[in-house]
Amino acid sequence: MSTFDFSCDVKILCGDHALDNLPYELRERDCTRPLFISDERSYRLGFAKEVRRAMDNDIIGFGATYYRISEKASPKDCDDIVNLYKTHGCDGIIALGGENVTQCAKVAKLMLLQGVGDFVYFNHKTDMDAEKISYRDVPLFILPSDIPCGIEATDRAMIFDEKNNVFYNFESVLTRASVVILDVRLTDIMPAKAMATAGLGALAMGMKGFVDNAENPLALAYATGAIHTVINELLPAMRHNSNADYRISIYSSIINAGIAYYGIKESLLRDMANELAIKTGRSVLQILSIIFPTYYK
């Protein structure tokens, strides 16, 4: 019998009313003063109002809010989130938005659990100091309102320090989200081209995750589920891109594929995709949809 290593206790809620479960999930983790962070797009399109509406009938309120996540995830955003969290005595993080918000929230959680107040602490290192881990968790609730990037339910967090030209690729349980919520109310119509790129990127992650996890039945389950969803839902999602159900199916396939893909210990494809994404300013999904056919051959 083969041996394998797999760990993923992130709760994934997906569907028409998934967001309505947020107050319950907050209470389950004794979170009464969460820090709410979002990007400008999610605020402008009214997604932040949807989150507030879901919490209207509950006693839990936001301890503080932060709507200034930049277009590219930056160490400064992480520093601002950590400082705001500490200043207002928050006890959890709700992250609404796209990839930049997800990356910043995960890195900010890592900093809080390491007792770090300034990103400069890392100084070219990605290994965590076990002895500095705080024993009180920072519950993290990720609410994608744009095409996910695949790391939402993984132990990964990536950020580019443009000022010092350093790419940080963290792999630590300290970045792990507590809950990922995919709700149709938090999505907007996507062009067919964007849906095609997202679906092909998910397919690439799923296939790579399937091939490289041949001895890991749990990872294979995530990869297989993602592949099956893309095969059956991608063309309808492109042809009927105003249909939120198809859109949410592709989004969920990206998250599921990412669990298998980022669980691979070493991957040349993943390293290449990350580097090219940084150099070109494109998403990892875009890069994968371009280079994967050649890589696979």
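A residue counts as buried when its relative accessible area is under 20%. By that rule, strand β2 is mostly covered: five of its five residues are buried. The model described here is predicted.

## The sheet and its middle strands

Six strands make up an open sheet, in the order β1-β8-β5-β4-β2-β3. The pairing is parallel. Two strands sit at the edges, β1 (11-15) and β3 (64-69), and each pairs on one side only. From one strand to the next, the twist averages 15 degrees. Strands of a sheet pair through backbone hydrogen bonds, either parallel or antiparallel.

Strand β2 covers residues 35-39. What joins β2 to β3? Four bridges do, and the two strands run parallel. Asp39 stands opposite Ile69 in β3. On β4 (residues 93-97), β2 again pairs in the parallel sense, over four bridges. Here Ser38 stands opposite Leu96.

In a regular strand the side chains alternate between the two faces of the sheet. Which residues of β2 lie on each side? Leu35, Ile37 and Asp39 are on one side, with Phe36 and Ser38 on the other. Both faces are covered, and these residues are all buried.

Helix α8 (residues 244-261) lies across β1 and β8 (179-183). Its direction is at about 160 degrees to β8.

The largest nonpolar core has 76 residues. Ile37 and Phe170 have the most contacts inside this core. Ile37 belongs to the buried strand β2. Phe170 belongs to strand β7 (residues 166-171).

The structure holds 11 aromatic pairs.

| Pair | Centre to centre | Angle between planes | Type |
|---|---|---|---|
| Phe119 and Phe170 | 6.5 Å | 80 degrees | edge-to-face |
| Phe122 and Phe170 | 4.9 Å | 55 degrees | tilted |

Why is the pair of Phe119 and Phe170 edge-to-face? The planes of the two rings stand at 80 degrees, and angles over 60 degrees count as edge-to-face. The pair of Phe122 and Phe170 has 55 degrees between its planes and is tilted.

Both pairs link distant parts of the chain. Phe119 lies in the loop between α5 (99-113) and β5 (140-144), 51 residues from Phe170. Phe122 is in the loop between α5 and β5 too, and is 48 residues from Phe170.

Phe170 has 0% relative accessibility, so it counts as buried. Phe122 is also buried, with a relative accessible area of 1%.

The pairs belong to a wider group. Phe119, Tyr121, Phe122, Tyr168 and Phe170 form one aromatic cluster.

Phe170 touches other kinds of residue as well. Leaving aside neighbours within four places in sequence, its contacts include Val107, Leu110, Lys125, Thr126 and Met128. Asp155, Arg156, Ala157 and Ile159 are also in contact with Phe170.

Elsewhere, a charge meets a ring. The charged end of Arg270 sits over the ring of Tyr261, 6.0 Å from its centre.

Ser172 lies in the loop between β7 and β8. Its relative accessibility is 8%, so Ser172 counts as buried. Not counting residues up to four places away in sequence, Ser172 touches Leu110, Met128 and Asp155.

Most residues other than glycine have a negative phi, and most peptide bonds are trans. Two loop residues have a positive phi instead. Which loop holds Asp30? Asp30 lies between α1 (22-28) and β2. Its phi is near 55 degrees. Asp30 is exposed, with a relative accessible area of 57%.

Asn165 is found in the loop between β6 (156-161) and β7. Phi of Asn165 is near 55 degrees, a positive value in a residue other than glycine. Asn165 is exposed, with a relative accessible area of 54%.

Note on methods. Residues numbered from 1 in each chain as written. Predicted model: local features only at pLDDT ≥ 70, side-chain atom pairs only at ≥ 80, totals over all residues. Heavy atoms only, no water. Phe/Tyr/Trp six-rings, centres within 6.5 Å; stacked < 30°, edge-to-face > 60°. Buried < 20%, exposed > 50% of the residue type's maximum accessible area, 1.4 Å probe, protein only. Lys NZ or Arg CZ within 6 Å of the ring centre and 35° of its normal. Pairing = 2+ DSSP bridges. Axes fitted to C-alpha atoms, helices over the stretch in contact; angles between N-to-C directions. Contact = heavy atoms within 4.5 Å. Core = buried A, V, L, I, M, F, W, Y, C linked by side-chain atoms within 4.5 Å.
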